[in-house]
Amino acid sequence: MKPFQIYNSLHRAVEEFVPLRPGIVTFYSCGPTVYLPQHLGNMRAYVFVDTLRRALRFNGYDVRHVMNITDVGHMTSDADAGEDKIEKTARAQGKSPREVADFYIAQFKRDCASLNIELPPAAPAGDHPAPPQSALCRATDNIDAMIAVIGRIVANGYGYVTPSGVYFDVEKWRGPGGAGRLARQSLAEQHAGQRLEHSPDKKSPHDFALWVLNQPHHLMQWDSPWGRGYPGWHIECSAMSMKYLGETLDLHSGGLDHIPVHHENEIAQSESATGHPFARYFVHNAFLVGMEGAKISKSAGRFPVLDDLIAAGINPLAFRVLCLGAKYRSELAFSIDSVRAAEKNIDYLNEFARNLNETALSSEQDADWTAEYAERFCEALNNDLNTPQALATVLEMVAQAYRLRDQRIWNTLQNFDDVLGLDLKKKLFESSTGLEPPEISRLVKEREEARERKDFARSDELRNQLDAMGYLVKDTKKGSVVTAKRSAT
RNA sequence: GGCGGCGUACCCAAGUGGUUAAGGGAGAGGUCUGCAAAACCUCCAUGCAUCGGUUCGAAUCCGAUCGCCGCCUCCA
């Protein structure tokens with residue numbers, strides 16, 4: 001099997017993936033900010049993270065995955081001014097910041113479950129030195145770790161303390177005229193803070209806050225060696241990745257928009273604190289765009305969420321298939337029609353799984369002809385996560401099974417589904433009959449009797465009646481089966 | 001101003017130097033079926049924004065033009 005290859009934003013090239021220690025991958029992915037629901041654009045990013053994690057596991061790696069939850073520190077204007085968005089929501093809703101965060105975290109977890117996105121387990125309390133471990137961690141639970149990192153940065157001479165906060169000295173870090181490693185823009189080229197008021201305490205407009213002081217109106221404040229305040233918005237990622245995964249990460253993911261500022265600053269902070277390389281592979285996903293081609297974003301105000309799809313009677317996993325149908329580095333156009341098209345794929349695969357016969361299921365050895373598909377699947381997957389081709393391979397294999405009337409593909413299909421995350425296994429023994437209300441069963445039975453009498457007028461009448469009640473009747477060789485159309489789950 | 005990306009059939013979307021340009025949806029015809037549904041078969045881009053160039057050969061590399069979008073402020 002070809003080794004896993006992935007596009008590394010640090011070098012702007014597809015590279016063979018080699019983790020620092022054999023067999024183990026430390027993976028940090030930027031998680032949600034929890035002051036609003038996650039829109040579908042956000043969810044695309046998490047589907048990507050999940051798929052990447054599954055692909056690594058498929059390649060035999062033990063993935064230690066950390067995702068942060070930002071429940072503090074994102075300002076409406078800049079790191080050193082403006083109102084914390086969580087606090088803003090809290091004031092608007094008359095809740096505490098923690099309550100606001102809890103609410104949106106619960107919603108996020110629900111959405112992830114609907115999309116079969118496996119999240120890391122909640123971070124356990126206390127200190128966690130090596131070995132690296134998976135964790136879903138909240139910023140506000142890790143203030144100590146952040147303070148520790150800021151302390152190291154200041155001790156190393158890359159941070160300076162002022163009355164309004166502790167700032168990171170970007171020019172000192174980059175050197176004169178230095179360009180960012182990811183964005184490849186020099187400081188002069190970046191019109192940083194051009195449209196913003198910035199604190200006069202900063203040596204340079206490019207400098208960013210590590211710790212913010214003297215903002216008495218903020219609800220969330222913590223004591224620190226520099227005074228009471230709160231963390232800047234980049235530091236949580238440096239601190240938590242280091243705490244749970246170690247000082248050098250194998251993989252770091254995030255949205256494309258994080259390249260020039262957030263990740264650039266994370267690298268600077270982390271490396272100035274530790275003296276070690278921060279992350280060896282940076283991967284960035286492209287945006288989901290609306291029908292007009294415009295980015296879907298929180299700040300734009302209106303955005304579709306997963307519940308909108310569910311309310312429209314669409315299987316949430318259709319959205320997952322939609323995501324898998326495009327490369328993670330390509331913009332993906334979202335529309336109800338594109339999701340519905342993806343839903344057909346889900347229906348197709350589910351139907352196949354549902355109708356698998358016992359012989360095919362119990363066969364330990366898949367048909368010889370599946371090997372070719374397995375090879376194509378791996379190749380696509382390991383080629384910078386080419387999920388569209390991987391998905392196409394799966395669909396073609398199932399079509400081939402139908403064509404050859406040879407269902408011995410389940411082992412292979414299941415391996416594929418471990419990566420795709422469509423939960424086909426769940427459909428295996430899902431009976432099409434016996435679960436519906438007695439009233440429905442009665443009508444189906446009556447219709448079967450009508451068919452036996454060749455009373456097709458009555459038969460069609462009953463089919464229409466069942467259809468109106470939300471049930472689809474199919475006549476098979478083994479008799480009539482009924483399924484609920486677009487049921488709630 | 002700087003940086004980056006995109007433009008492939010009605011729609012979504014792979015392919016990035018070399019057999020007939022994946023796959024899905026929609027559409028058309030067919031097999032099967034009492035009729036449907038499901039499934040399968042056939043058809044559906046001599047062409048990949050436009051114009052030049054490099055090459056034996058380009059959707060794929062280079063240049064120009066047009067159009068769209070993102071980032072440089074929180075945002076996946």
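Q: In which helix does serine 459 lie?
A: Serine 459 lies in helix α16, residues 456-468; a helix is a DSSP run of H or I of at least four residues, numbered from the N terminus. The model is predicted: local features need pLDDT of at least 70, side-chain atom pairs count only at pLDDT 80 or more, and totals for chains, interfaces and linings use all residues. Side-chain values use heavy atoms, leaving out hydrogens and water; residues are numbered from 1 along each chain as its sequence is written, with chains lettered from A and ligands numbered from 1 in the order written.

Q: Why is serine 459 called buried?
A: Its relative accessible area is 1%, and buried means under 20% (exposed over 50%, partly exposed in between; 1.4 Å probe, protein chains only). Therefore serine 459 counts as buried. Serine 459 touches Arg447, Ala450 and Arg451, residues up to four places away in sequence not being counted; contact means heavy atoms within 4.5 Å.

Q: What makes α10 oblique to α13?
A: The axes of α10 (residues 336-354) and α13 (residues 387-404) come within 11 Å and cross at roughly 45°. Angles under 35 degrees are roughly parallel, over 145 roughly antiparallel, 65 to 115 roughly perpendicular and the rest oblique, so α10 is oblique to α13.

Q: How do you know that cysteine 30 is in no disulfide?
A: A search of the whole structure finds zero disulfides. The nearest cysteine sulfur to that of cysteine 30 belongs to cysteine 237, 4.2 Å away, whereas a disulfide requires sulfur atoms within 2.5 Å; therefore cysteine 30 is in no disulfide.

Key:
Axes are lines fitted to C-alpha atoms, for helices over the stretch in contact, and angles run from 0 to 180 degrees between N-to-C directions. Helices (H or I, at least four residues) and strands (E, at least two) are DSSP runs, numbered from the N terminus.
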